[in-house]
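Let's take a quick look around this structure together. Have the sequence and the 3D view handy.

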Amino acid sequence: MNTYFCKMLKKYLIPFFIFICLNAISQNIKSIQLRPLQENNFSSIVPLGTVLELSFDDLDADSKDYSYKIEHMTHDWKKSRLLSSQFIDGFDENNIIDVTNSFNTFQSYTHYAVKIPNVNTIITKSGNYLLSVLNDDDVVVFTRKFVLYENAVINAIQVSRSRNAKTTDTQQTVQFTVNHPNLRINNPQQEINVVVLKNENWNEKITGLQPTFFKSGQLKYTYSNKTNFWGGNEYLNFDSKLIRNRSINVVKIERKDIFHHYLYPYTYNEYLTYRYNPDINGQFVIRTLEGSDTNTEADYAMMHFTLYADTPFLDKEVYVYGAFNNFQIDEKTKMEYDFEDNSYKGTILLKQGFYNYTFATRDNYGNVDTNKINGTFFQTENQYTVITYYKPFGGLYDRVIGVGTTYFDQNR
């Protein structure tokens, strides 16, 4: 075997096998949640000192050794200059020791959980953080973002129907003010960064904004078009809290090696009009009525999704989309077109609970569109969050000095 061929094997095959192994690992990890302890609070953007709990299931059910690692990041999610000792009192990497096995479920799994901060890890500075879970080979299995903030400024947010005549029926405009009466900001253009998030989905954000007006102790961001978001549509939903019986939007159940739940089909309509349907903005809640401990007694079911469309979408792939997999586009959520039934079909293994989801398309250039199938309307209820970062001249890191959240709801 000549030297050139060996180099090519090393260059292409080794990364390929690493990718295959990581994909196999990720397929066995389900139901990842990083949330405060309060019930029905889905946010990982919380005040500094708030306890967040990371939890997930490993479907291999063999009690692996997992650890977590915490990294401080810049406002644009690059690794910051801080040493771990400068933002953590304790250790930035620790084993996850809260491990329990599933009980009385058809799908066996091991449940892992860890609270942050804990006796080994106390975070001392505000900012963006990346939480990584590693296996016993120190390979990253998955990551999650979270934000810890101070209350040094007040973000006042206003959301309205788009004023642009071309998008008045399809977009929403976010305008906001950063009030900082007790914080001296010498050069806002260089010291302040802001991020506007829609529904706490980091795929839908606006950055790179500069204040439009300055006042003493106040920065105004009153753009007409630059802070426009597509309204989208309310999320679809289902409830699988009953594993053997039908619940919300579950039309058929089959018992195989595990239970299979068939959801009420959705029909694509390019002339769709807006209808109010309260949602939880793409999130999910693990729950079961057939056990006392949701963490270990909630079972898994294969959920069957159906999207009727007379013909396949040209040069577009279709995916199921939601917080259940961190709003990611991947092969596990891809739907395939059935020409005999004129529909897209997909299956996803999910833990019992109440789920929001929608359908997204991806074109040949990798562009993701969450509005093609369900439409986009200015009336849609959405949550908007403004995060303010402050790094003074000579500062070592981006402080998060304030977070503001508001809801746009034309229906209340």
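Predicted model: local features only at pLDDT ≥ 70, side-chain atom pairs only at ≥ 80, totals over all residues.

Residues are numbered from 1 along each chain as its sequence is written, and side-chain values use heavy atoms, leaving out hydrogens and water.

Start with the open sheet: five strands in the order β2-β11-β10-β4-β6, with mixed pairing. Strands here are DSSP runs (E, at least two residues), numbered from the N terminus, and two of them pair if DSSP finds at least two bridges between them. At the edges sit β2 (45-47) and β6 (93-95), each pairing on one side only. From one strand to the next, the twist averages 30 degrees (the axes are lines fitted to C-alpha atoms, and angles run from 0 to 180 degrees between N-to-C directions). β2 and β11 run parallel, joined by three bridges, and P47 stands opposite Y149 in β11.

| Residue | Place | Relative accessible area |

Q175 touches A156, I157, Q158, R163, Y221, T222 and Y223, not counting residues up to four places away in sequence; contact means heavy atoms within 4.5 Å. A polar atom of the Q175 side chain lies 2.9 Å from the backbone oxygen of Y223.

As for D137, its C-alpha atom is separated by 9.3 Å from that of Y66, 71 residues apart along the chain.

How values were computed:
Polar contact = N/O pair within 3.5 Å; in protein donor to acceptor, adjacent residues only side chain to side chain. Helix = DSSP H or I, 4+ residues; strand = E, 2+ residues; numbered from the N terminus.
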